[in-house]
Amino acid sequence: CEHNLWGRYNAISPRPIAPRTIAPRTVSPPTRYDHHHHHQVFGASVLIIVLTLVKLSAHLSRTDRLIATWLAVTGAIHMVIEGYVVVTPDYYQHPSENYLSEAWKEYTKADSRYASRDSFVISMEAVTAFLVGPLCFVATHGILRNKPWRWALSLVVSVCQVYGDLLYYGTCFLEGFVHSRPEPLYFWVYFVLLNALWVVIPACVGAHAWRQLLKKDAKVVKR
């Protein structure tokens, strides 16, 4: 697979995305992509969410506070960022200085299936944005309000995230990673490490939720 990855696409290429079989007329390079500025915007948005939740979750344990924060942040990412690419099929075809459009043009260098509107990727993103995203906020509300169903829903959300990410990796692996440019930034950072967050963190959240459900079940049995 590694041989296929590096052999199918040259590291130095005038084409912005891989593979080269995508028709040139269907893609348009980003008009500009200021990593520093965009990271500041994203970081500020996350900081606002975190600070708000810290104030609202002062009564919770540190673990529950972290989980509530994660669910809120990932819910916003699902609904806003991933939702945008679902409802904007021509984001990569026209020059734009829209933040979300430019961010997706950059990430498309790591996975061109978003530009080619791959049926699996777009369907997966639609479910993630419009089902899992809202459920993340419902789960956050449940944790903040100490609802009895909070850990069951947190487990469901975490399983959906891990399952979707493993399918995302798996389809790329079976196709020989032809949709990603081989430069370390695009393949290892964007494609591998960035997406790995939605395997590792949800797995930890799901494990915690499962333990809480077992504790609750044990208390019921004792009664």
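Colleague: With which side chain does the side chain of Arg181 make a polar contact?

Modeller: This is a predicted model, in which local features need pLDDT of at least 70 and side-chain atom pairs count only at pLDDT 80 or more, while totals for chains, interfaces and linings use all residues. Residues are numbered from 1 along each chain as its sequence is written, and side-chain values use heavy atoms, with hydrogens and water left out. Arg181 is found in the loop between α6 and α7, where helices are DSSP runs of H or I with at least four residues, strands are runs of E with at least two, and both are numbered from the N terminus. A polar contact is a pair of N or O atoms within 3.5 Å, where within protein one must be able to donate a hydrogen and the other to accept it, and residues adjacent in sequence count only if both atoms are side-chain atoms; at 2.5 Å, the partner of Arg181 is the side chain of Glu183.

Colleague: Is Arg181 buried or exposed?

Modeller: The classes rest on relative accessible area, with buried under 20%, exposed over 50% and partly exposed in between (1.4 Å probe, protein chains only). Because its relative accessibility is 10%, Arg181 counts as buried.

Colleague: Which residues does Trp151 touch, not counting residues up to four places away in sequence?

Modeller: Trp151 has its place in helix α6 and counts as buried, because its relative accessibility is 5%. With contact taken as heavy atoms within 4.5 Å, the residues that Trp151 touches are Asp64, Ile67, Ile143, His208, Ala209, Gln212 and Leu213.

Colleague: How far apart in space are Thr63 and His208, C-alpha to C-alpha?

Modeller: Thr63 lies in helix α3, residues 62–87, and is partly exposed, because its relative accessible area is 40%. Although Thr63 and His208 are 145 residues apart in sequence, their C-alpha separation in space is 9.0 Å.
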